[in-house]
Amino acid sequence: MKTIIEPFKIKSVEPISFNTKEERFEILEKADYNPFQVKAGDVLIDLLTDSGTSAMSSNQWAGVMMGDESYAGSAGFFHFEKTVKDITGFPIVIPTHQGRAAEKILFSILGGKGKWFISNTLFDTTRANIEFSGAEGIDLLCEEGKHPSVPSAFKGNMDIEALKRVIGEKGAENIPMVIMTVTNNSGGGQPVSMQNIKEASAVCKEHRIPFFIDACRFAENSYFIKLREEGYADRSVPEIAAELFSYADGCTMSAKKDAFANIGGFLAMKDPELAAKCRNLLIITEGFTTYGGLAGRDLEAIAIGLKEVMDEHYLQYRIRSVEYLTNKLIAAGIPVMQPAGGHAVYIDAKAFLPHIPVDQYPGQALVCALYIEGGIRSVEIGSLMFGKYDANHQLKPAQMELIRLAIPRRVYTQSHIDYVAEIVINVFESKDSLRGLTITEETALLRHFTAKLKPV
Ligand code: F0G
């Protein structure tokens with residue numbers, strides 16, 4: 001059978017409102033060329049993020065109705081806790097309202113001036129939480145990951161030699177944690193191999209540095225290991241996930257991704273001393289230790305979603321549908337990150353718009369063009385998101401200028417995706433007429449959310 005069908009039927013639908021190209025021109029101008037400022041109702045296909053945008057299953061909705069809203073010790077917490085323990089093997093589970101809340105707690109405790117956190121690639125909120133604590137983040141992406149158009153099986157890997165070198169340079173005592181992001185979101189949604197996780201873990205053990213997984217997309221990463229890494233074809237996804245977590249001392253998780261929940265997250269770990277400090281902060285900022293900023297019903301939805309996400313029919317459909325869009329764009333000659341990532345298609349904006357210099361944000365120019373052409377909302381992952389300034393206020397650009405078309409889980413059908421491909425191809429055909437942008441207003445941290453821009 002060649003056709004892989006969506007492994008669900010649709011029970012409830014949400015209408016899309018249509019608008020014209022002329023209307024979208026005006027909307028974007030009013031939003032200062034920043035689609036984060038566009039109203040969701042003015043978007044036809046929303047590929048801004050795969051976070052919190054999943055369609056929950058009928059079982060999850062049933063779980064919502066069963067949610068126990070007791071302040072302390074709700075039934076939902078114990079279901080949630082057992083599920084996370086079963087999947088990860090970590091004995092301590094602390095709920096948080098989303099991934100960055102887990103990060104904030106962890107880095108407030110472990111961060112501070114003079115500390116360095118090493119990763120394959122830190123996600124933007126992770127980096128921001130590290131920097132907010134006064135510490136610094138270092139990304140050590142493997143060489144293959146830095147070349148968008150060159151396919152390779154595990155482009156999310158960490159450069160292990162660089163890890164050893166940086167530990168030598170900075171001193172293990174100044175590195176409170178190494179964080180492996182699976183899949184590597186900012187690096188293209190690319191997976192990390194089990195071998196790489198094992199090697200990074202061994203280096204950390206040797207230097208007594210805690211090794212954590214940023215586990216937002218652990219199921220997608222586990223499925224890639226099954227598909228691509230020798231020795232895993234006959235292992236089940238839960239088995240692969242269990243092995244992956246077995247090399248780590250703990251994890252942070254946003255349940256808004258691979259748990260199909262609209263909100264939620266957690267910290268899980270082995271170290272009871274660190275956990276005690278985390279729980280103290282949790283109570284001040286998030287809530288009591290058995291709800292951590294969530295409603296009881298959210299905990300149920302997460303527990304059920306975490307089990308559903310490891311279904312291999314689902315994962316096959318998920319990975320295949322992202323690949324379907326990627327391959328359509330490749331066939332049209334569009335420069336995309338290859339091979340397809342797990343949750344999104346990444347277009348190389350530098351190659352798509354070679355006439356726009358990096359300090360005129362080619363990624364953002366492309367994001368704006370897709371919105372105007374077809375009402376598609378995407379996000380820039382390049383110098384607007386990660387660029388910094390040097391002492392002379394000159395832009396120090398990001399490693400890559402990508403844009404991300406993130407595919408919400410179980411939300412869009414194949415014809416929505418065909419439409420997306422058609423719009424991207426239309427924009428590609430008239431790319432020479434696109435212009436760059438300049439920033440007129442920005443904040444010091446996470447500027448891409450609120451930055452105002454205008455065409456040059
Ligand atoms: N880590 C990774 C790898 C992420 O992708 C995200 C969120 C977080 C941490 C933070 O989790 O949103 O629950 O606070 N990524 C979203 C995205 C926002 O669009 O990729 P959160």
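## A walk around the model

Start with helix α16, where I417, V420, A421, V424 and V427 are buried. These five cover an arc of only 130 degrees around the axis, so they sit on the same side of α16. The arc is taken from the directions that run from the helix axis to the C-beta atoms. Buried means that 20 or more other C-beta atoms lie within 10 Å of a residue's own, exposed means 12 or fewer, partly exposed is in between, and the C-beta atoms are placed from the backbone. As for the names, helices (H or I, at least four residues) and strands (E, at least two) are DSSP runs, numbered from the N terminus.

Before you click on, know that this is a predicted model, in which local features need pLDDT of at least 70 and side-chain atom pairs count only at pLDDT 80 or more, while totals for chains, interfaces and linings use all residues. To find a residue, count from 1 along each chain as its sequence is written.

**Still on α16**

What do the buried residues of α16 pack against? Colour β1 (45–46), α12 (312–331), α14 (362–374), β10 (376–377) and β14 (402–406), and you have the partners. Packing here rests on contacts, and two residues are in contact if their C-beta atoms, placed from the backbone, lie within 7 Å.

**Two domains**

Zoom out and colour the protein chain in two parts: domain 1 is 21–50 + 312–455, and domain 2 is 58–308. These bounds come from an automatic or database domain assignment. Taken over C-alpha atoms, the centres of the two domains are 26 Å apart. Where they meet, 24 residues of domain 1 are in contact with 24 residues of domain 2. On the domain 1 side, α12 and β9 (344–348) are the elements that give two or more residues. The largest share, 5 residues, comes from α12. That side of domain 1 divides into 14 nonpolar, 5 polar and 5 charged residues. (Nonpolar covers Ala, Val, Leu, Ile, Met, Phe, Trp, Tyr, Cys and Pro; charged covers Asp, Glu, Lys and Arg; the others, Gly among them, count as polar.)

**The ligand**

Which residues are closest to the ligand? They are T49, Q98, G99, R100 and S254, out of 15 residues that surround it. A residue counts as near a molecule or strand if its C-beta atom, placed from the backbone, lies within 6 Å of it. The shell is made up of 2 nonpolar, 10 polar and 3 charged residues. Highlight α4 (99–110) and α5 (124–132) too, as each supplies at least two residues of this shell.

Stay with α5 for a moment. Its buried residues are T126, R127, N129 and I130. Looking down the axis of α5, you will find them within an arc of 160 degrees, so they line one face of the helix. Their cover includes α4, β3 (116–119), β4 (136–139), β5 and β6 (211–214). Just past the end of α5, stop at G134, which has a positive phi of about 100 degrees.

Now for some loops. Between β5 (177–181) and α7 (194–206) lies T183, joined to V182 by a cis peptide bond with omega about -20 degrees. Another cis peptide bond joins Q338 and P339, with omega about -5 degrees, and P339 is in the loop between α12 and β9.

Move to D32, in the loop between α1 (21–30) and β1. D32 is not a glycine, yet its phi is positive, about 55 degrees. H393, in the loop between β12 (388–389) and β13 (395–396), also has a positive phi, near 60 degrees. Is H393 buried or exposed? H393 is exposed, because 6 other C-beta atoms lie within 10 Å.

**Last stop: D68**

Finish at D68, in the loop between α2 (58–66) and α3 (75–88). D68 and R297 are 229 residues apart in sequence, but their C-alpha atoms are 6.5 Å apart in space. Setting aside neighbours within four places in sequence, D68 is in contact with S74, A75, G76 and G296. With 16 C-beta neighbours inside 10 Å, D68 counts as partly exposed.
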